Amino acid sequence: MSAEVVKLIPTDPEYVPTEKCIEMIDEWIQRFHAQIIVTEEVRFIDQGANFEKIICPFCLSNIEIEWWQNQMDIASESSFHELKTITTCCNQQTTLNDLNYIWEAGFARFTIEVLESSSDITKADVLTIGEKLECSLKKVIAHY
Ligand SMILES: [Zn+2]
């Protein structure tokens with residue numbers, strides 16, 4: 001059994017929309033049978049088997065997975081509220097959320113999850129929902 005899950009997350013890991021904003025997307029939530037998840041801790045919103053690699057946003061090197069896992073361990077101690085890091089390839093200050101994940105992944109306290117079956121979430125949907133939630137959203141497509 002494999003499943004595809006589409007996850008929409010704010011580009012800012014700490015951002016959680018207000019109740020009022022969430023009410024604004026209620027109709028959409030119903031239509032896509034989506035589920036809203038809000039957590040105190042920041043979670044890594046993964047792409048499952050769609051993980052290919054991580055690229056440095058500055059010098060475009062491949063990020064060493066061992067280094068990344070080590071950084072994830074350190075970040076987990078702060079429940080991923082503290083994501084700052086310095087790349088080893090080019091010594092740049094950044095955050096784990098700003099690395100280029102192939103496919104897309106990220107960190108969030110707020111997630112909208114949709115089991116991808118019949119419904120296809122378009123770029124326009126993502127924009128509209130983001131506007132209503134007053135944030136920019138990232139679409140993570142996970143395969144399990
Ligand atoms: Zn680099």
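This is a predicted model: local features need pLDDT of at least 70, side-chain atom pairs count only at pLDDT 80 or more; totals for chains, interfaces and linings use all residues.

Trainee: Thanks! How many salt bridges does the structure hold?

Mentor: Start with the general idea: side chains of opposite charge can pair when their charged atoms come close. In this structure there are three salt bridges.

Trainee: Which residue forms a salt bridge with Lys7?

Mentor: That is Asp46, and the closest N and O atoms of the two are 3.4 Å apart. Asp46 sits in the loop between strand E2 (35-45) and strand E3 (53-55), while Lys7 belongs to strand E1 (residues 4-10), so this pair ties together parts that are 39 residues apart in sequence.

Trainee: Is Lys7 buried or exposed?

Mentor: Buried means under 20% relative accessible area. Lys7 has 4% relative accessibility, so it counts as buried. Asp46, at 23%, counts as partly exposed.

Trainee: Which residue pairs with Arg109 in a salt bridge?

Mentor: Its partner is Glu40, with the closest N and O atoms 3.7 Å apart. This pair also links distant parts of the chain: Arg109 is in strand E7 (residues 106-115) and Glu40 in strand E2, 69 residues apart. Arg109 counts as buried because its relative accessibility is 18%, whereas Glu40 counts as exposed at 61%.

Trainee: And what does Lys138 form with Glu104?

Mentor: Those two form a salt bridge as well, and their closest N and O atoms are 3.8 Å apart. Lys138 is part of strand E8 (residues 137-143) and Glu104 is in the loop between strand E6 (100-102) and E7, so parts 34 residues apart in sequence are tied together. With 13% relative accessibility, Lys138 counts as buried; Glu104, with 36%, counts as partly exposed.

Trainee: Where does E7 pair with other strands, and how many bridges join E1 to E7?

Mentor: E1 and E7 run antiparallel and are joined by four bridges. Within that pairing, Val6 has Val114 of E7 as its bridge partner. E2 also pairs with E7 in the antiparallel sense, over seven bridges. Look for Ile36, which stands opposite Ile112 in E7.

Technical notes
Residues are numbered from 1 along each chain as its sequence is written. Side-chain values use heavy atoms; hydrogens and water are left out. A salt bridge is a side-chain nitrogen of Lys or Arg within 4 Å of a carboxyl oxygen of Asp or Glu. Helices (H or I, at least four residues) and strands (E, at least two) are DSSP runs, numbered from the N terminus. Buried means under 20% relative accessible area, exposed over 50%, partly exposed in between (1.4 Å probe, protein chains only). Two strands pair if DSSP finds at least two bridges between them.
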